[in-house]
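Trainee: I am new to this structure. Please take one part and go through it closely.
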Amino acid sequence: MKKILLVFFIPIFFASRSMCAANLLPSKSQKPKHYLQFNISRSFSRGVGHDQTFFSAEYGFDLMPFLGFAAIQIEEDALDAALRTQWMPLVFQTDRGEWRLGGSASYHLQKYYRYYNEHDFIFESAARWNSKKNFSIAGRLGYSWRWTLFPDIPDFRLYESDIVFINEFCKAWNFGLEIFGALGSYSEFRHPLFFCPQMQAGVAYNFDEHLRVAAQVEWGATDFLASVIYVSYALVKFNVRFSF
């Protein structure tokens, strides 16, 4: 019961994946609407991906009311791919900004070489608040289904389902500085069981509307509701984004 209450009340205070900066206040005439981002990460953890330097890349778009992204990450012993599309047709304008409401669908594949293939499907409701002062806060809440296949045991399928959520914020300034962060029960490439929070915080600088560089830290815990919280992974990430 405590887990369910947390899932439903946290988005009220942190009202989907924010693209920030150039598309913080989307409109039909706004440009740029697409981006390519390249990341290099260094992991410090005891689990999968420990002590590794790895790369990822993603493409995203903001064609309101449609948003989405596709990403791929390559590690020493695992390959991840993630897709998400979001439709936010409901718009409520206020004197201070706008609310956008809609839904989201995601797919994640983790291919852990020689051991298993994980398939995650997620369907969520989504909300985003865009302030006229370049502040954005967003949340998604939904349900996930996971199928894990083991090549060495072809007749065995592991099935799991869970409640999922993610909350994000972004604050940008006109001179180019940007701060952002997120708290959720999953991230693009990591889908633990509930409630194993994934957290991130970062800072970015936008040289113009086409070029953005950023640095961030991420970490995850095995059970946020337990008496002893075990950090399952931690990493630092640097990225550059080209918008067009």
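Let us look at the charged pairs. How many salt bridges does a search of the whole structure find?

Mentor: Eight salt bridges turn up in a search of the whole structure. First, some ground rules. This is a predicted model, in which local features need pLDDT of at least 70, side-chain atom pairs count only at pLDDT 80 or more, and totals for chains, interfaces and linings use all residues. Residues are numbered from 1 along each chain as its sequence is written, and side-chain values use heavy atoms, with hydrogens and water left out.

Now the charged pairs. Side chains of opposite charge can pair when their charged atoms come close. A salt bridge here is a side-chain nitrogen of Lys or Arg within 4 Å of a carboxyl oxygen of Asp or Glu.

Start with E98 and R100. Their side chains meet in a salt bridge, 3.0 Å from N to O. The pair is also listed as a polar contact of 3.0 Å. That term covers a pair of N or O atoms within 3.5 Å; within protein, one must be able to donate a hydrogen and the other to accept it, and residues adjacent in sequence count only if both atoms are side-chain atoms. Both E98 and R100 are buried. Buried means under 20% relative accessible area, exposed means over 50%, and partly exposed lies in between (1.4 Å probe, protein chains only). E98 counts as buried because its relative accessibility is 7%. Its place is strand β5, residues 97-112. Strands (E, at least two residues) and helices (H or I, at least four) are DSSP runs, numbered from the N terminus.

Next, E124 and R140. They form a salt bridge, and their closest N and O atoms are 3.0 Å apart. E124 lies in strand β6 and R140 in strand β7, so the pair ties together parts that are 16 residues apart in sequence. E124 has a relative accessibility of 6%, so it counts as buried. R140 is buried too, with a relative accessible area of 3%.

Then K237 and E218. Their side chains meet in a salt bridge of 3.4 Å, N to O. K237 sits in strand β12 (residues 231-243) and E218 in strand β11 (residues 211-221), so this bridge ties together parts that are 19 residues apart in sequence. K237 and E218 are both buried.

Salt bridges also link up into a network. Its members are E118, D120, R146 and E160.

Follow E118 to a neighbour. Q110 touches L79, D80, Y116, N117, E118 and F189, not counting residues up to four places away in sequence. Contact means heavy atoms within 4.5 Å. Q110 lies in strand β5. At 11% relative accessibility, Q110 counts as buried. A polar contact of 2.8 Å joins the side chains of Q110 and Y116.

Leaving out residues up to four places away in sequence, the contacts of F189 include S56, I72, D80, H108 and Q110.

N134 is in the loop between β6 (116-131) and β7 (135-149). Those two strands hold E124 and R140. Phi of N134 is near 60 degrees, a positive value in a residue other than glycine. N134 counts as buried because its relative accessibility is 19%. The peptide bond from M64 to P65 is cis, with omega near 15 degrees. P65 is in the loop between β2 (53-63) and β3 (66-74). Most residues other than glycine have a negative phi, and most peptide bonds are trans.

Finish with A201. It is in strand β10, residues 198-206. A201 counts as partly exposed because its relative accessibility is 39%. A201 and Q216 are 15 residues apart in sequence and 5.6 Å apart in space, C-alpha to C-alpha. Beyond four places in sequence, A201 touches F180, G181, A215, Q216 and V217.
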